[in-house]
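Please keep the viewer open as you read.

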Amino acid sequence: MFQAARPPNYMARINRLKARVLETRPEMDLENARILTEAFQETEGEPLVVRKAKAFRRQCREKTVTIWEDELIVGCSGSKIRGGILCADACWSVLDDELETISHRRYDPFHLPPEDRELFENVIRPYWKGRSNYEEWLAQIPEGTRELRDHGVIYVDRKAVRGFGETTPGYAWLLREGVSGIARFVEARRAQLDTARPGEYERDCYLRSLLIVAEGMVELSERYAIEADRLAAVEEDHRRREELREIGRTCRHVPASPARTFREALQSLYFYQTCIFMEQNAASYNPGRMDQYLWPYYASDLASGRITPDDAQELLDCLWVKLSEPCLFQDAVTAEFAAGYPMFQNVCVGGVDEAGRDAVNDLSYMMLQATMDVQLYQPSLSVRYSLAKNPNRFLRKVVELMSLGTGFPAFHNDDIGIRMLMNKGIPLREALDWNPCGCVETNLEGRLRHYTALADINLGSIVELALLDGRNGKSGEYISARTGAAREFATFEAFLEAVKGQIRYVTRAAVKGSHVIDEVCMRRPCPALSLTFRECVERGIDYAWGGAKYNTGNGIILIGVADLVNSVVAVRHLVYDTGKLTMEQLLDALEDDFTGHEAVRKLCLEAPKYGNDDPWVDDLASELFTFMANEIESYSSKFGRMTPGILPVSGNTPFGLEVGALPSGRKAWKPLADGVSPSGGTDVNGPGAVLKSVSSLPHDRFVQGTLLNMKVEPTMLSTQNGISQMMGLLKSMCSLGVYHVQFNVIDQEKLIRAQANPEEYGGLLVRVAGYTAYFVELGKDVQDDIIGRTVHHGISVG
Amino acid sequence: MPAGEALTGSVLRIERSSIHDGPGLRTVVFLKGCPLGCAWCSTPESQAPVPERGYVPELCTACGTCVDICPARALTPSRCGSAIIRDVVRCELCFCCVAACPRDAVRRFGTFMTVEEVVREISKDEVFFFHSGGGVTLSGGEPLAQPDFVAHLLRECRERGIHTAMETSFHVPFDSVERVLPLLDLLYVDIKHMDGESHRRWVGSDNSLILDNIGKADRWEGPVEIVIRIPLVPGVNDSDWNLQAVADSCRRMGKLKEVELLPYHRLGSHSYAALGRDYALKSLLPPSRERIIERTRYLARLDPGAPVKVGGGFS
């Protein structure tokens, strides 16, 4: 019953910018790869990191520089608005394998124009054949690891097909010092070296490479300034001419010099963002706590009258659109695991400051507003919510954004995030400054190096391997540890031991793969990224080589939590506790994918399920996941202790394709459950019960984050009362120690599809006004009533 | 063990995290058994006081699994072979067929639970009650049809500091009301129709006991708050006259917190089919959004002595 307010004036520009992104088809962009190749041909014999730096500088000097219409914040990593950048030195062969399919593949297609294909075949391939990190990896995968990888038990190629990412560069330092300031710091450090001492030549080469990339960045921004001036000279519209002149002035000043204004800070930040993406195509270069480090610039502009809140909002919105332009290029399999060109540039608002005080400021609200205004897929907006310190007004704004149904913001429990950082070995003083990274991982600006998601483990496969004595159901081959014939397990404990045995073996194989990746990546330095990691400069050691202040190992990600828990629970309940089934009967039914065993499937489906606040189930979940956290943490990489996390991105779907029927009642080849969420349609006690079950996992030990997708009834997000209750639910979630939640509000389209194709939507539960039912079982008239109720607001279904 | 903990009640289901049955996030305990039979009832499976068996013929393939398993031999395939017929006299309501049916075509409505069991379920949500200002709401059916059980249950909730509410028809002896008033923070009472004859026609009995109980509860010396609810059923009780009469009656109350309109919906109509019962209002359409807003404003203009709201998730 609200009157919609008139949209602010700046929205006209934002909508035009936004339309351009939405209308542009993602294309392969090989310009960088060509320049890199040419540079490498000219620098044979020089140290690798210097060659990388020179190639980067050459890209800065030669790449296409475009300022598009309406832009206030400028910059682009490549030559196209929505380009997929190929890092030839890392993984040229990925494109080689997909030349025929890349334009039309199912997940994340990139159009490849014929002239680019020609360039690839004539210039890029001939030079890089046999020299990329990906080829090194393929040649070195440990044997046992390869078998599990080939059968979809683990996924471990991710880091071989794209750059580091999963990091939060030191933006605050960059804004404060400017590239030139940092370069002076490098010079000073270099002056202390004595290349007659062992090891110092290597450092000298490294610091020289930092100076080369700094030079490149300054030259590139100068090229943007020149382009802006050129456009201004021919621009007829007076207002746009002024804007272009302002762009010119800004690009002449930053990132070379310290930012003086809010606008310069945003431009400097985005400029650097494009540079590190240009250096290495990778997901999750996170701007991090923008509301904190941009605050001084905004506050001083506001105080001096240089800017109005609306001007600032427009600039933020412009930046938000820019962050939606780039598209992550990855191979077809990796794209299945993280579909949607996922750049995962995670921006964070809220939380506490270095003294533990409420850190919410006006910019926190304005960044939430920017996501409401722009409603594109980037930046990934995250909230650090401190139950004790952040105000209700902030929480309400967060819920209002949730109600738009874009899936943003990702809501993080601040206390758990802080504890996760501490569990990684970061002292509390700095852990207070943590930021969400990528999907739901944890990070620390300018100080922390690790792969948050080096390998994924398929927990559905774990169940299958435990039931089949290490045999893969799909292929029939023995690929894992022989943990005993399930028919001979006399007790539930014996079965549980087999499950744990599989977890041990598979974790070990993932760790072996991690060591190989670490070695391969020693030959993948990234001086442009390292430039804003203060300790990399001080130590003269690249980010890739462990130069950052904290190196905290690699993350191993678990996928299929609910499938594992529900399957183990079903075996315990049906075979050992009630004796309703023999192991023989269960195995036969699973082998036949329940065909002809409908009664067995019914028993499996009716066994207690995770997500219903049933202590009998949830205790087992606690035990299993504490075991897994212990197991993963028992290993180290050359860069620190291994770390666990639970975040599927979209990996639960391809993993599901490798797993036969499970005791949970899940049919063969179907997707696994995502994150720590219950399996779809099995949680029947509402959101409170889901949170209680989810809280049985030791979240703070899964330091790479835990992801929860949740459904709520529609009125929870569309009425004032509902919004208040949602706030209560989120606060409760924090009290319970759950780390993250994200709400997906699905529009009526899904219900209409379910009405038309009921066989595909058997598990679709609807909760409308205190009423829960399987949608497809309702009569058409009632279905129509429910669809009708979703017209104004999304309805949440799952 | 204090007396009453082993007491059992007939419970239809317990629903958690509800936002429509009182302040905050609430756990709603639906009790089974109701002295009334409203034509528009959206939970017909709550009317009978004991557990019931539901059957969804659309899902049934007449595979015969339940026929073979039924210990009372109460089930037989229908003559045409497309459904299963239950002999209600023979059926002992053991619900073996519910567990056996591979298609989930047979359902069980309701179970007996002890006070302790229900309290254990309610207590699971204490953290949500704390952060949202929520609590427990006893609903039905008619909770006061089981006054002993309900009184013990409410006392246990009070001991745990849980906010208590009840949704009742008030079609019960005042003795039962008096027992629970001191244990309640909030009371929802329906006025389904102000005209006794219409009330009898649509609900099955006269409204005098209900109106009398409202008056007595309102004059009771304790601190309970009362919300009067009107199920807004098109053509039945949405006339100007009825709303005026409700408003007049409300205006005389001292404990009135709110008047709430609950727009009629037919989301429970499939439950009638499952129970093998006819739904009397099959052709009645829910009121339009415009009509709901118009009736709400009309009632508010009559000034019933407290704010008028629309419930049931209307936005």
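Start at helix 8 of chain B, where I210(B), N213(B), I214(B) and A217(B) are buried; a residue is called buried if 20 or more other C-beta atoms lie within 10 Å of its own, exposed if 12 or fewer, and partly exposed in between, with C-beta atoms placed from the backbone. These four cover an arc of only 105° around the axis, so they sit on the same side of helix 8 of chain B; the arc is that of the directions from the helix axis to the C-beta atoms. Helices (H or I, at least four residues) and strands (E, at least two) are DSSP runs here, numbered from the N terminus.

The length of helix 8 of chain B can be checked as well. Its 12 residues, 208–219, should span 16 Å at 1.5 Å a residue, and the end C-alpha atoms are 17 Å apart, which agrees. The expected span is 1.5 Å times one less than the number of residues.

A word on the ground rules before going further. This is a predicted model, in which local features need pLDDT of at least 70 and side-chain atom pairs count only at pLDDT 80 or more, while totals for chains, interfaces and linings use all residues. Residues are numbered from 1 along each chain as its sequence is written, and chains are lettered from A and ligands numbered from 1 in the order in which they are written.

Now step back to chain B as a whole, which has 11 helices and 13 strands. Its C-alpha trace spans about 60 × 50 × 35 Å along the principal axes. Of the 315 residues of chain B, 46% count as buried.

How is chain B divided into domains? Domain 1 takes in 8–49 + 110–310, and domain 2 takes in 52–108, with bounds that come from an automatic or database domain assignment. The C-alpha centres of the two domains of chain B lie 33 Å apart. Where they touch, 6 residues of domain 1 of chain B are in contact with 5 residues of domain 2 of chain B, contact being C-beta atoms, placed from the backbone, within 7 Å. The domain 1 side of that meeting in chain B has 3 nonpolar, 2 polar and 1 charged residues. In this scheme Ala, Val, Leu, Ile, Met, Phe, Trp, Tyr, Cys and Pro are nonpolar, Asp, Glu, Lys and Arg are charged, and the others, Gly among them, are polar.

Some backbone details deserve a look too. Most residues other than glycine have a negative phi, and most peptide bonds are trans. R73(B), which is not a glycine, has a positive phi of about 55°; this residue is in the loop between helix 1 (65–69) and strand 4 (75–77) of chain B. D303(B) also has a positive phi, near 55°, and is found in the loop between helix 11 (289–301) and strand 13 (308–310) of chain B. The peptide bond from G140(B) to G141(B) is cis, with omega near 10°.

Chain A comes next, with 34 helices and 17 strands. Its radius of gyration is 27 Å, close to the 28 Å from the globule rule for 798 residues, so chain A is as compact as a globular protein of that length. Of the 798 residues of chain A, 59% count as buried.

Finally, see where the chains meet: 33 residues of chain A are in contact with 26 residues of chain B. On the chain A side, the largest share, 8 residues, comes from helix 32 of chain A. By class, that side of chain A has 11 nonpolar, 16 polar and 6 charged residues.

Methods
Two residues are in contact if their C-beta atoms, placed from the backbone, lie within 7 Å. The radius of gyration is taken over C-alpha atoms; the globule rule is 2.2 Å times the number of residues to the power 0.38.
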